[in-house]
Amino acid sequence: MEETGEPFGTVVIAEQGQKMQERGTDVIFCAESILSTVVPDVVLDATVKNLRDVAIKPEAPFLGIPELRQAIAARFERLYNYQPKWQDEIIVTSGSMQAEYYLMSALLNPGDEVIIPVPSFFFDIPVKLARGKPILAKLNPKKNYLHEKKDFEKLVTRKTKLITLCNPHNPTGRVLTEEELSGVAELAIKKDLYIMHDQVYERMVYDARPYIPMCRFPEVRDRLISVSSFSKVFNMINFRLGFAAGPKEIISGMEMVHAFSSMGNPSLIQKGAVAALDENFEDRFLSETLATLQKARDYAVEKLSTVEGVRVLKPEGTNLLLPDITSFGMSSMEFCRYLLEEAHVACAPGIAYHAEGAVRISLGGERTNEAIDRIVAAISKLRPVPEGKKLQKKIAA
């Protein structure tokens, strides 16, 4: 927003696509990271079953209903050998972004610095809202966006309080290695920093690659806040439900912000979410989702890799793809507008994620392959330009 003077780019493109759709244009939406809005039946059934009973009961505790916090704690233990206390080390929020905003508001004093590896989801916004100062640590695409301890350490000052991680990574699709995570853990201990791990794409990894969350490192659990969501893994985006686990004093601060802003989340949607965390259901549902996503990823990478001027790294996880389009001389917003007009596909401009020169494509929808075919056809009409020259939007005859 600061760099372009426009509203958040992903929203701009999505809204333009919706207007085109209202006028009768067949638009495929790949801008927002939504796999599906089809909520699993077990979740819907549990929600409906509890509707009448919950509607007349007292409102939910600020931290969330006990049943859900207990289920979240049990899941952490089952998957990651981490045992947060459900009574005071877990908070249920309206999506992961609310948890991250509450964290920044509770933790940061004016002027406190937060190291944010970029490209990144927009963690800098809640930092600024809390009057903190985001310090952007630029990752190198030529090194596959490697998270290197030495690069982060150079940015630490006496004002640094927190470092953010997103793993699996939005928007690059990277899955961080044990070595990368260990380096961040060492840095946090050495410099007395907190760590926020956004793991909304947890377990969404390909090719049998191991997924290692930050909570697997016991030595940093006293300074770690793990944030996740029901939106990605369980297709529950319209439930607007997320959660965070961390030290009691941090969760207590987040609860204070929660109590005097939204007064908690409705018990009804929390009741429905409990069913999603059943071990057998989650494993089966995730397996089916990943099988579909991996096919979509492979198709997209294969097709885009054949297009002159496009550079694309194969995602290791998430449902996201971040092809580099700098060779065409357009800004990412210009390129996304071109794709919307020419291909009728809405993609997300890289600048929204501190990745100017790239576009983010969300995979997993029912028409993903068709969207990729349209994108490939549209880009094939463009010609890469010599380094340093601006593209005059030539379209091949």
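**Entry 1. Salt bridges**

I searched the whole structure for salt bridges and found 27. The model is a predicted one, and I read every entry below with that in mind.

I then checked the accessibility of glutamate 282 and noted 0%, so glutamate 282 counts as buried.

I asked which residues are linked with this pair in a network of salt bridges. I listed Arg75, Arg78, Glu202, Arg203, Glu282 and Asp283 as the linked residues.

I next looked up arginine 297, which forms a salt bridge with aspartate 207, with the closest N and O atoms 3.1 Å apart. Here arginine 297 is the partner in helix 10 and aspartate 207 the partner in the loop between strand 6 and strand 7, so the pair ties together parts that are 90 residues apart in sequence. Arginine 297 has a relative accessible area of 1% and is therefore buried. Aspartate 207, at 51% relative accessibility, counts as exposed, because the cut-off for exposed is over 50%.

I also recorded the salt bridge of glutamate 148 with lysine 150, in which the closest N and O atoms are 4.0 Å apart. Glutamate 148 counts as buried at 18% relative accessibility, because buried means under 20%. Lysine 150 is at 44% and counts as partly exposed.

**Entry 2. Helix 10 and helix 12**

I turned to the packing of helix 10 (residues 279-304) with helix 12 (residues 368-379). Their axes come within 10 Å and cross at roughly 10°.

I wrote down the residues that make the contact. From helix 10 they are Ala296, Tyr299, Ala300, Lys303 and Leu304. From helix 12 they are Thr368, Asn369, Ile372, Asp373, Ile375, Val376 and Ile379. Sorted by class, the contact has 8 nonpolar, 2 polar and 2 charged residues.

**Entry 3. Helix 11**

Which residues of helix 11 (residues 332-342) are buried? I found Ser332, Met333, Phe335, Cys336, Tyr338, Leu339 and Leu340. I then looked up what these buried residues pack against: helix 1 (9-22), strand 10 (345-346), strand 11 (348-349), strand 12 (359-362) and helix 12. Just after helix 11, I noted that histidine 344 takes a positive phi of about 60°.

**Entry 4. Aspartate 112**

I located aspartate 112 in the loop between helix 4 (95-107) and strand 3 (113-118). Is aspartate 112 buried or exposed? Its relative accessible area is 12%, so I recorded aspartate 112 as buried. The side chain of aspartate 112 makes a polar contact with the side chain of lysine 161 at 3.0 Å. Leaving aside residues up to four places away in sequence, aspartate 112 touches Leu107, Gly132, Lys133, Lys159 and Lys161.

**Entry 5. Backbone**

Before this check I noted that most residues other than glycine have a negative phi, and that most peptide bonds are trans.

I recorded a cis peptide bond joining asparagine 167 and proline 168, with omega about -5°. I placed proline 168 in the loop between strand 5 (160-166) and helix 7 (178-191). The peptide bond from asparagine 170 to proline 171 is cis as well, with omega near 20°. Proline 171 also lies in the loop between strand 5 and helix 7.

I then looked up positive phi values. Alanine 208 has a positive phi of about 60° although it is not a glycine. Alanine 208 is in the loop between strand 6 and strand 7, and at 80% relative accessibility alanine 208 counts as exposed. Methionine 263, not a glycine either, has a positive phi of about 60°. I found methionine 263 in the loop between helix 8 (248-259) and helix 9 (267-276). With a relative accessible area of 44%, methionine 263 is partly exposed.

How values were computed:
Residues numbered from 1 in each chain as written. Predicted model: local features only at pLDDT ≥ 70, side-chain atom pairs only at ≥ 80, totals over all residues. Heavy atoms only, no water. Helix = DSSP H or I, 4+ residues; strand = E, 2+ residues; numbered from the N terminus. Buried < 20%, exposed > 50% of the residue type's maximum accessible area, 1.4 Å probe, protein only. Polar contact = N/O pair within 3.5 Å; in protein donor to acceptor, adjacent residues only side chain to side chain. Contact = heavy atoms within 4.5 Å. Axes fitted to C-alpha atoms, helices over the stretch in contact; angles between N-to-C directions. Nonpolar A, V, L, I, M, F, W, Y, C, P; charged D, E, K, R; others polar. Salt bridge = Lys/Arg side-chain N within 4 Å of Asp/Glu carboxyl O.
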